[in-house]
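Here are my notebook entries from a look through this model. I went for pockets, charge pairs and surface patches.

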Amino acid sequence: FFGGNFAGIREKLPYLQELGVGVLYLNPIFMAWSNHRYDTADYRRPDPMLGTEEDFRALCDAAHARGMRVILDGVFSHTGSNSVYFDAKHVFGHGAASDPNSPYRRWYRFHRYPDDYEAWWGIRTLPCVEELDETYLHYIIEDEDSVIAHWLRLGADGFRLDVVDELPDEFVRRLRRRMRQIDPQSLLLGEVWEDASNKRAYGVSRRYFVDGELDSVMNYPWRNAIVAFLTDADDGTALGESLMTLAENYPEDVLACVMNVLSTHDTPRAINALLDPRDGERAELAKRQFSDAELSRGKELLRMAAFLQFTLPGIACVYYGDEAGMTGYRDPFNRKYYPWGQEDESLQTFYRTLAKLKKTLPALRRGDVTVMEAGGGRLMFRRSCEAQTLCVCCNQSDAPWELTGAGELLLGGRLLSVLPGRIQLDAGGYCLVTGK
């Protein structure tokens with residue numbers, strides 16, 4: 001809606017590569033009517049505002065040439081009401097609501113035809129679909145040119161499944177199997193807000209990992225625990241417990257590519273969550289402003305949050321603009337366009353440093369995690385693999401924290417002193433060091 005498109009992303013690939021980005025996760029790109037595009041109008045057609053199929057292919061080709069991958073948002077639990085498939089406004093001519101004999105009629109659950117139907121969370125513009133209807137399964141997954149096959153062959157490298165807990169296990173299993181047939185290296189992530197290993201939805205225990213349905217999931221538990229730690233809602237005890245709970249519950253390969261987020265399109269931006277976690281009405285949120293001093297404090301907190309995001313197991317998923325210092329409360333304030341030319345360059349440099357460490361240190365990429373200390377405002381954990389052992393420390397207490405036996409300092413902030421084998425962290429300080 002503000003001019004961004006496939007060609008624009010392609011133009012900015014050098015910036016993204018310099019930042020250290022290895023994967024681009026795009027919110028929905030299918031034709032839709034809302035700026036968020038979760039109300040799909042046509043799964044096989046890119047939104048005209050973004051460009052053509054050839055533009056998308058060119059973006060993927062350019063990303064691949066730089067060693068980068070492209071992940072798409074798969075929204076398959078519902079469509080838009082104004083779509084080829086439902087056609088509530090009689091725009092397309094053969095949708096379920098406009099034609100009683102529509103081939104898509106069986107995809108939807110009508111209570112009273114055509115205007116009383118099951119909708120996602122009661123939102124009438126998002127009619128739910130029957131995911132296990134065979135015609136729907138073939139259209140999305142199984143056909144030679146199914147939706148999944150279509151976009152993978154155009155260059156996509158995987159999907160993130162929107163509200164995966166509302167998709168039947170059988171649907172997810174078949175989707176992943178089909179993806180692997182087309183591209184054995186493709187990646188399937190799921191949107192799960194809780195511990196996905198014991199997730200129950202609609203009275204059913206989900207089998208994401210025991211049946212190998214998903215490669216990994218979004219990691220909101222760690223996001224919420226980090227925010228609580230940095231806003232003094234937790235002294236580090238709960239964060240330590242959260243880290244070890246997921247590390248113990250998730251399979252090793254799942255944990256290695258869990259999607260670690262601080263901000264998303266569904267949450268306030270990290271700086272806002274860290275400075276002012278209060279919610280409110282949209283009209284009131286629009287009037288809230290941070291002073292320069294508050295914003296400076298928010299960026300300091302973001303540095304420690306990002307430090308944890310990159311040093312923990314998994315993929316650090318940076319919501320566009322966080323690295324530039326963008327702010328914004330919940331939707332729609334978290335979805336402003338990128339501030340080209342007005343970025344916080346110091347913060348960008350910090351993110352580039354984190355990304356470089358993540359890429360070059362074996363223990364950060366594939367090491368296990370063990371919490372050594374958690375509580376009293378302090379957190380220490382170890383990342384270890386055969387090739388390397390690293391120690392991560394964060395001090396949210398009011399008092400300095402002296403670390404003895406420390407190895408080489410690889411990265412740190414708010415350090416009072418750095419001496420051989422001895423590092424002192426100030427309040428708000430953090431460090432990454434080699435050794436045990």
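I looked up the second largest pocket and found about 710 Å³ of space in it. My pocket search ran on a 1 Å grid over the protein atoms alone, where a pocket is an open set of points that a 1.4 Å probe fits, with protein on both sides within 12 Å along at least five of seven lines. The volume is the space filled by probe spheres set on the points, which are joined across faces, edges and corners.

A note on sources: this is a predicted model, so local features need pLDDT of at least 70 and side-chain atom pairs count only at pLDDT 80 or more, while totals for chains, interfaces and linings use all residues. Residues are numbered from 1 along each chain as its sequence is written, and side-chain values use heavy atoms, with hydrogens and water left out.

Next I checked the lining of that pocket, counting residues with an atom within 4 Å of a point. I got 31 residues, with Trp 120, Ile 123, Asp 162, Val 163 and Asp 266 nearest the centre. By class they are nine nonpolar, nine polar and 13 charged. Here Ala, Val, Leu, Ile, Met, Phe, Trp, Tyr, Cys and Pro count as nonpolar, Asp, Glu, Lys and Arg as charged, and the others, Gly among them, as polar.

Asp 162 pairs with Arg 160 at 3.4 Å, N to O. Both Asp 162 and Arg 160 are buried (under 20% relative accessible area, with exposed over 50% and partly exposed in between; 1.4 Å probe, protein chains only).

The whole structure holds 34 salt bridges. I picked out Arg 106 with Asp 133, whose closest N and O atoms are 2.7 Å apart. This pair links distant parts of the chain, 27 residues apart. Asp 133 counts as buried because its relative accessibility is 11%.

I also noted a network of salt bridges joining Glu 170, Arg 173, Arg 207, Asp 211 and Glu 213.

Tyr 337 has 57% relative accessibility, so I logged Tyr 337 as exposed.

Note on methods. A salt bridge is a side-chain nitrogen of Lys or Arg within 4 Å of a carboxyl oxygen of Asp or Glu. Helices (H or I, at least four residues) and strands (E, at least two) are DSSP runs, numbered from the N terminus.
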